[in-house]
Amino acid sequence: MLESFLIVIEKVCVLFLLLLIGYFCGKKQALNDEAVKCLNSIILNLVIPCTVISGFQSDKASGLVGELLLCCGYSVVVIAVFFLLAFLFTRKLPEKERPIYALSCSLTNCSFMGYPLETAMIGPLGIFYGSGFVAVMNCYTFTLGYLFFTHDRKSISLKQVITRPAILSVLASLGLLIAKIRLPSVILTTVDYLASICVPIPMLIIGYHLSKVDLLKAVRNKRHCLYSAIRLLLLPLIALGVLLLLGAKGDVLMAAMIASSCPVATVVTILAGQLSNQESMAAELNALQTLCSMLTIPLLVTLTAIVA
C-alpha cells in the first residue's frame with residue numbers, strides 16, 4: 001500500500017511542479033490570455049487527438065477492443081450516476097447557482113488532467129482506456145450539460161458532440177484498430193512527437209488559470225468547499241463501488257477511477273461564460289478543486305491500486 005501511494009505521490013508532484021511553473025508564468029506575465037487561448041486550441045484540436053491515435057496504435061492495443069468498449073460502458077453508467085446525484089445534491093440551491101454546482105460535481109477534467117495521470121500510472125494504454133471515458137464525458141457535456149443551463153432540449157446539439165476533434169480521433173483510431181491498419185512510421189513518429197506534449201502543456205495552462213483566481217476567496221466560500229468535497233471524495237468513492245459491482249478491474253478500473261477522481265472540467269467555466277454570468281464562480285471552483293485534487297487523487301488512486 002505504501003509503495004503504491006509513494007508512486008502516485010511522485011507522479012502527482014511532477015504534475016504539481018508543472019502547474020506551479022504555469023502559475024508563476026501567469027503571475028510574471030510570461031504567459032497571457034492570448035497565448036493560453038492559442039495553446040488551448042492546439043491541445044484540444046491537435047495534441048489530444050494525436051495522443052489518442054498514438055495510444056490506439058500501441059502494439060498492446062490491438063487485442064483490447066473489447067476492453068475499450070467495456071470502459072465506455074462503465075463510463076456511461078458512472079457519469080449517469082454523477083449527473084443523478086448532482087441533480088439531487090443541488091435541487092434546493094438558488095437557480096443561478098444550481099447549474100455551476102451541479103456540473104462541478106458531474107463533469108471531470110478527464111482529458112487535461114486525466115490523460116497525463118493515466119499516462120504516468122498506466123503508460124500508453126492509459127490513453128487508450130481513458131479515451132473511452134473522455135468520449136462519453138463529451139457526449140454528456142454537450143447534451144445534459146447544456147440542459148442544466150438552458151432547460152431547453154433544442155440547445156442539445158448531437159452534431160457538436162460528434163464533430164469534436166476528441167471524438168473524431170477516437171472514432172478514427174477505433175476504425176484503424178478494428179481494421180488492423182498501422183500508420184506509416186513517418187506519420188506515427190510525428191503523431192508521437194505531438195502526443196508527447198500532452199502532459200506538460202495542459203498543466204502549464206491550468207497553472208496559468210490558477211494565477212488569475214482569488215484562491216483565498218474560493219477557500220472561504222463554504223459552499224465551494226462542500227461541493228468540492230463531493231466532487232473529489234464522495235463521488236469518486238461511489239464510482240469505485242459502482243465499477244467494482246460492474247466487474248471492472250486492472251488497468252480499466254484504474255483509468256476509469258483516475259478520470260472519475262479529477263477536478264471539475266474547465267469546460268464548465270467556458271459554458272458558464274457562454275450561457276450565464278457565473279464565469280468567475282466557476283473559475284473559483286475550478287481553482288479550488290484543482291489544488292485540492294493534488295491531495296485527493298493520490299489517496300483515491302492508491303485505494304484503487306489496492307482493490308484492483
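**Salt bridges in the predicted model**

Arg223 and Glu97 join their side chains in a salt bridge, 2.6 Å from N to O. Arg223 sits in helix α12 (residues 222-246) and Glu97 in the loop between α3 (65-90) and α4 (98-106), so this pair ties together parts that are 126 residues apart in sequence. The model is predicted. The salt bridge count comes to three. Side chains of opposite charge can pair when their charged atoms come close.

- Arg223 is partly exposed, at a relative accessible area of 33%.
- Glu97 counts as buried, because its relative accessibility of 17% falls under the 20% cut-off.

**Lys217 and Glu284**
- A salt bridge joins Lys217 to Glu284, with 3.4 Å between the closest N and O atoms.
- This pair links distant parts of the chain, 67 residues apart.
- Lys217 belongs to helix α11 (residues 215-220), and Glu284 to helix α15 (residues 279-307).
- Lys217 is partly exposed, with 48% relative accessibility.
- Glu284 counts as buried, with 9% relative accessibility.

**Arg98 and Glu95**
- Arg98 pairs with Glu95 in a salt bridge, and their closest N and O atoms lie 3.0 Å apart.
- Glu95 has a relative accessible area of 43%, so Glu95 is partly exposed.

Notes: Residues are numbered from 1 along each chain as its sequence is written. This is a predicted model: local features need pLDDT of at least 70, side-chain atom pairs count only at pLDDT 80 or more; totals for chains, interfaces and linings use all residues. Side-chain values use heavy atoms; hydrogens and water are left out. A salt bridge is a side-chain nitrogen of Lys or Arg within 4 Å of a carboxyl oxygen of Asp or Glu. Buried means under 20% relative accessible area, exposed over 50%, partly exposed in between (1.4 Å probe, protein chains only). Helices (H or I, at least four residues) and strands (E, at least two) are DSSP runs, numbered from the N terminus.
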